[in-house]
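Reader: I'd like to learn how to read a structure like this one. Could you take me through it feature by feature?

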Amino acid sequence: MNIAYWIAAGFLSLFYLYAGTMKLIRSRDQLRPMMAWVDRMPLPVVRALGTVEILGATGLILPPLTGVVASLAPAAAIGFVSLQIGAVAVHLTIGDRRITLNLALIATAAVTIWLATGL
């Protein structure tokens, strides 16, 4: 179970570190081809989402790795489930039906929550 956690958490962490960093450093014009919803959100909200994603990715890895406040790992995964539920809602609101990645991230985060409870 430990190895499965690190695989799932590693995947989520890498994904959210990349996505969060892009939201922090790229302009709205650079993000638009990847994220059609950026025009509907103020840029500070996009930057805040990027920050939350980076902090969540860190929360999946560092607490179990160091053994300090290991309960933050399932909390970070719960946060990612919530984040992706919101993302699905935004996609559907703007008429974008491409939510397969969001659903896969919800499933992976849900599995990570389950695996993190056994750490």
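This is a predicted model: local features need pLDDT of at least 70, side-chain atom pairs count only at pLDDT 80 or more; totals for chains, interfaces and linings use all residues.

Reader: What cut-off makes a residue count as buried?

Author: Buried means under 20% relative accessible area. You'll find N102 in helix α5.

Reader: Which residues does N102 touch, not counting those up to four places away in sequence?

Author: N102 touches Q84, A87, V88 and H91. Let's follow the last of those. H91 is found in helix α4, and H91 is buried too, with a relative accessible area of 13%. Leaving aside neighbours within four places in sequence, H91 is in contact with W37, D96, R98, I99 and N102.

Reader: So how do I read two helices side by side? At what angle do α4 and α5 cross?

Author: You look at how far apart the axes are and how they are turned. The axes of α4 (residues 72-93) and α5 (residues 100-116) come within 8 Å and cross at roughly 160 degrees. Angles over 145 degrees count as roughly antiparallel, and α4 and α5 are therefore roughly antiparallel to each other. As for handedness, α4 passes α5 in a left-handed crossing.

Reader: Which residues of α4 and α5 meet?

Author: On the α4 side, they are A73, P74, A77, I78, F80, V81, Q84, I85, A87, V88 and H91. On the α5 side, you have N102, L103, L105, I106, A109, A110, T112, I113 and A116. By type, the residues of this contact divide into 16 nonpolar, four polar and no charged.

Reader: Let me try another pair. How are α1 and α5 packed?

Author: Here the axes are 9 Å apart, and the angle is about 140 degrees. That makes α1 and α5 oblique to each other. The crossing of α1 past α5 is left-handed. From α1, the contact is made by A4, Y5, A8, A9, F11, L12, F15 and Y16; from α5, by L101, L105, T108, A109, T112, L115 and A116. The residues of the contact of α1 with α5 divide into 13 nonpolar, two polar and no charged.

Reader: Now a residue in α1, please. Is L24 buried, partly exposed or exposed, and what does L24 contact?

Author: L24 lies in helix α1, which covers residues 2-25. At 34% relative accessibility, L24 counts as partly exposed. Leaving aside neighbours within four places in sequence, L24 is in contact with R47, G50, T51 and I54.

Reader: What share of the residues is buried, and what share of the contacts joins residues at least 24 apart?

Author: Buried residues make up 37% of the 119 residues. Among contacts between residues at least 6 apart in sequence, 61% join residues at least 24 apart.

Note on methods
Residues are numbered from 1 along each chain as its sequence is written. Side-chain values use heavy atoms; hydrogens and water are left out. Axes are lines fitted to C-alpha atoms, for helices over the stretch in contact, and angles run from 0 to 180 degrees between N-to-C directions. Helices (H or I, at least four residues) and strands (E, at least two) are DSSP runs, numbered from the N terminus. Angles under 35 degrees count as roughly parallel, over 145 as roughly antiparallel, 65 to 115 as roughly perpendicular and the rest as oblique. A crossing is left-handed if the near helix is turned anticlockwise from the far one by less than a right angle, and right-handed if clockwise. Contact means heavy atoms within 4.5 Å. Ala, Val, Leu, Ile, Met, Phe, Trp, Tyr, Cys and Pro count as nonpolar, Asp, Glu, Lys and Arg as charged, and the others, Gly among them, as polar. Buried means under 20% relative accessible area, exposed over 50%, partly exposed in between (1.4 Å probe, protein chains only).
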